[in-house]
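Please keep the sequence and the model at hand while reading.

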Amino acid sequence: MFPLGHVGMALLFAAPIALLLDRKRRYPPVLVLALATALLPDLDGKVPFSHHHGGPHTVLFALAASLAFGLALAFVSVNLLWLARRVDSVPEFRPRAAFALGFGGALAGLASHLFADLLMIPIADNPVEPLWPLSNRPVALGLVHPADPAWNYGLLAAGIAAQLLVLTVVVRRTRDRTSAVRSTPSGDSNRSR
């Protein structure tokens, strides 16, 4: 699949994760990470001793890399939390939330790439082996030709539409929460202190 198709698929996969995380300020990092990792598996052709649709096109790689992104963001968050306690202008960002953002965003991008490649017709004897190292069995659903512009642009359009819908839902939820907090009397606030 061409990069535009992979980007569209990443936008589609990031939509439910952004809704699950359910906060307006958590939406951009998930989207950025999904887009940043959507083309990462295709670097396998640039690595010596690797072939296209090799190791980075596996479930194992998607989970391991997502875990690494989550842990990296949690580590950064711990250090920012320490700094936020000392400097008022630095915002707090909880490590658990940072891990969820990193893991969820990276998994959306990497899993979307793997899924898009599974939809393709295998070209040049180069199928995807998603369950490697447990199985070397290639998997190809054969639904899409990688160079088909209708699929590539169609996935991009569907991804953009999904993101516009998610953005609308996230903004509406945030607005509803904000108005609910403002409408409660100051003494009856349900927010934890």
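The structure is a predicted model, in which local features need pLDDT of at least 70 and side-chain atom pairs count only at pLDDT 80 or more, whereas totals for chains, interfaces and linings use all residues. Residues are numbered from 1 along each chain as its sequence is written, and side-chain values use heavy atoms, with hydrogens and water left out. The chain has five helices and zero strands; helices (H or I, at least four residues) and strands (E, at least two) are DSSP runs, numbered from the N terminus.

**The chain as a whole**

- From the N terminus on, the order of elements is α-α-α-α-α.
- The chain holds 193 residues, of which 34% count as buried; buried means under 20% relative accessible area, exposed over 50%, and partly exposed in between, with a 1.4 Å probe and protein chains only.
- The accessible surface is about 11500 Å², and carbon and sulfur atoms account for 68% of that surface; the areas come from the Shrake-Rupley method with a 1.4 Å probe, and for residues only the protein chains shown count as cover.
- Of the contacts between residues at least 6 apart in sequence, 69% join residues at least 24 apart, where contact means heavy atoms within 4.5 Å.

**Helix H2 against helix H4**

- Helix H2 (residues 27-37) packs on helix H4 (residues 95-119) at an angle of about 40°, and their axes are 7 Å apart. Axes are lines fitted to C-alpha atoms, for helices over the stretch in contact, and angles run from 0 to 180 degrees between N-to-C directions.
- H2 and H4 are therefore oblique to each other; angles under 35 degrees count as roughly parallel, over 145 as roughly antiparallel, 65 to 115 as roughly perpendicular, and the rest as oblique.
- The crossing of H2 and H4 is right-handed. A crossing is right-handed if the near helix is turned clockwise from the far one by less than a right angle, and left-handed if anticlockwise.
- On the H2 side, the contact is made by Pro 29, Val 30, Leu 33, Ala 34 and Thr 37, and the H4 residues that they meet include Leu 101, Gly 105 and Leu 110.
- The contact of H2 with H4 comprises eight nonpolar, four polar and no charged residues. Ala, Val, Leu, Ile, Met, Phe, Trp, Tyr, Cys and Pro count as nonpolar, Asp, Glu, Lys and Arg as charged, and the others, Gly among them, as polar.

- The axes of helix H1 (residues 3-21) and H4 come within 8 Å and cross at roughly 145°, in a right-handed crossing.
- The contact of H1 with H4 has 13 nonpolar, five polar and one charged residues.
- H1 and helix H5 (residues 149-183) have axes that come within 7 Å and cross at roughly 25°; H1 and H5 are therefore roughly parallel to each other.
- H1 passes H5 in a left-handed crossing, and their contact divides into 18 nonpolar, five polar and one charged residues.

**Two buried residues**

- Leu 31 lies in H2 and is buried, at a relative accessible area of 17%.
- Beyond residues up to four places away in sequence, Leu 31 touches Leu 11, Ala 14 and Gln 163.
- Gln 163 lies in H5 and counts as buried, at 7% relative accessibility.
- Apart from neighbours within four places in sequence, Gln 163 is in contact with Leu 11, Ala 14, Ala 15, Tyr 27 and Leu 31.
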